[in-house]
Amino acid sequence: VLGAADTALATLASLQGHRNAADDLFQRGIALEEQVGSALLASTSRFWYAEHLSRSPSVADRTTARALVDRCLAHFEPINFHFTDRAERLRMELNG
């Protein structure tokens, strides 16, 4: 299982520059993954959402990205999930 289809569509929308659509799709994907009880999938989607927001010039988006990274690392670090290093690098970049 790779996660909610909405998360995959959000990633595509982000790459195509459709920021608002990507935001909505990431939020829907995370909500679905939480609803079915998959904390790890939701955390992975939070990472992708944070990466999307990190490219925004908006201070509010970057602040949200930092919170998302912190939240996903709370799940990744205890199990040494393969995204842990990448999420830590994103956190360092966001903290500038």
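**Exercise 1. Work out how α3 and α5 run relative to each other, and what joins them.**

Solution. 
Start with the result: α3 and α5 are roughly parallel to each other. The model is a predicted one.
Step 1. Take the angle. α3 and α5 pack at about 30°, and their axes are 11 Å apart.
Step 2. Apply the cut-off. Angles under 35 degrees count as roughly parallel, and about 30° is the angle for α3 and α5.
Step 3. Note the hand. α3 and α5 cross in a left-handed way.
Step 4. List the residues in contact. α3 supplies F47, W48, A50, E51 and S54, while α5 supplies R86, A87, L90, E93 and L94.
Step 5. Sort them by class. The contact of α3 with α5 has six nonpolar residues, one polar residue and three charged residues.

**Exercise 2. Describe the packing of α4 against α5.**

Solution. 
Step 1. Find the geometry. The axes of α4 and α5 cross at roughly 150° and come within 9 Å.
Step 2. Draw the conclusion. α4 is therefore roughly antiparallel to α5. Here the cut-off is over 145 degrees.
Step 3. Note the hand. The crossing of α4 past α5 is left-handed.
Step 4. Sort by class. The contact of α4 with α5 holds eight nonpolar, two polar and seven charged residues.

**Exercise 3. Examine N80. Where does N80 lie, and what is its phi?**

Solution. 
Step 1. Locate the residue. N80 sits in the loop between α4 (59-79) and α5 (84-95).
Step 2. Check the backbone. The phi of N80 is positive, about 50°, although N80 is not a glycine.
Step 3. Check exposure. N80 has 62% relative accessibility, so N80 counts as exposed.

**Exercise 4. Describe how α2 packs against α3.**

Solution. 
Step 1. Find the geometry. Helix α2 (residues 19-35) packs against helix α3 (residues 39-54) at an angle of about 165°, with the axes 8 Å apart.
Step 2. Draw the conclusion. α2 and α3 are therefore roughly antiparallel.
Step 3. Note the hand. α2 makes a left-handed crossing as it passes α3.
Step 4. List the contact. From α2 come R19, A22, D23, F26, Q27, I30, E33 and E34. From α3 come L41, A42, S45, R46, W48, Y49, H52 and L53.
Step 5. Sort by class. In the contact of α2 with α3, eight residues are nonpolar, three polar and five charged.

**Exercise 5. Classify two aromatic pairs.**

Solution. 
Step 1. Know what to look for. A pair of rings is described by the distance of the centres and the angle of the planes.
Step 2. Count. Rings whose centres lie within 6.5 Å pair, and the count comes to seven aromatic pairs.
Step 3. Take F26 and Y49. Their rings are stacked, 5.1 Å centre to centre with 20° between the planes. F26 is in helix α2 and Y49 in helix α3, 23 residues apart, and the pair links distant parts of the chain. F26 and Y49 are buried.
Step 4. Take F81 and F83. Their rings are edge-to-face, 5.8 Å centre to centre with 65° between the planes. F81 and F83 are both buried.
Step 5. Widen the view. One aromatic cluster is formed by F47, W48, F76, F81 and F83.

Note on methods:
Residues numbered from 1 in each chain as written. Predicted model: local features only at pLDDT ≥ 70, side-chain atom pairs only at ≥ 80, totals over all residues. Heavy atoms only, no water. Axes fitted to C-alpha atoms, helices over the stretch in contact; angles between N-to-C directions. Helix = DSSP H or I, 4+ residues; strand = E, 2+ residues; numbered from the N terminus. Parallel < 35°, antiparallel > 145°, perpendicular 65-115°, else oblique. Left-handed = near helix turned anticlockwise from the far one by under 90°. Contact = heavy atoms within 4.5 Å. Nonpolar A, V, L, I, M, F, W, Y, C, P; charged D, E, K, R; others polar. Phe/Tyr/Trp six-rings, centres within 6.5 Å; stacked < 30°, edge-to-face > 60°. Buried < 20%, exposed > 50% of the residue type's maximum accessible area, 1.4 Å probe, protein only.
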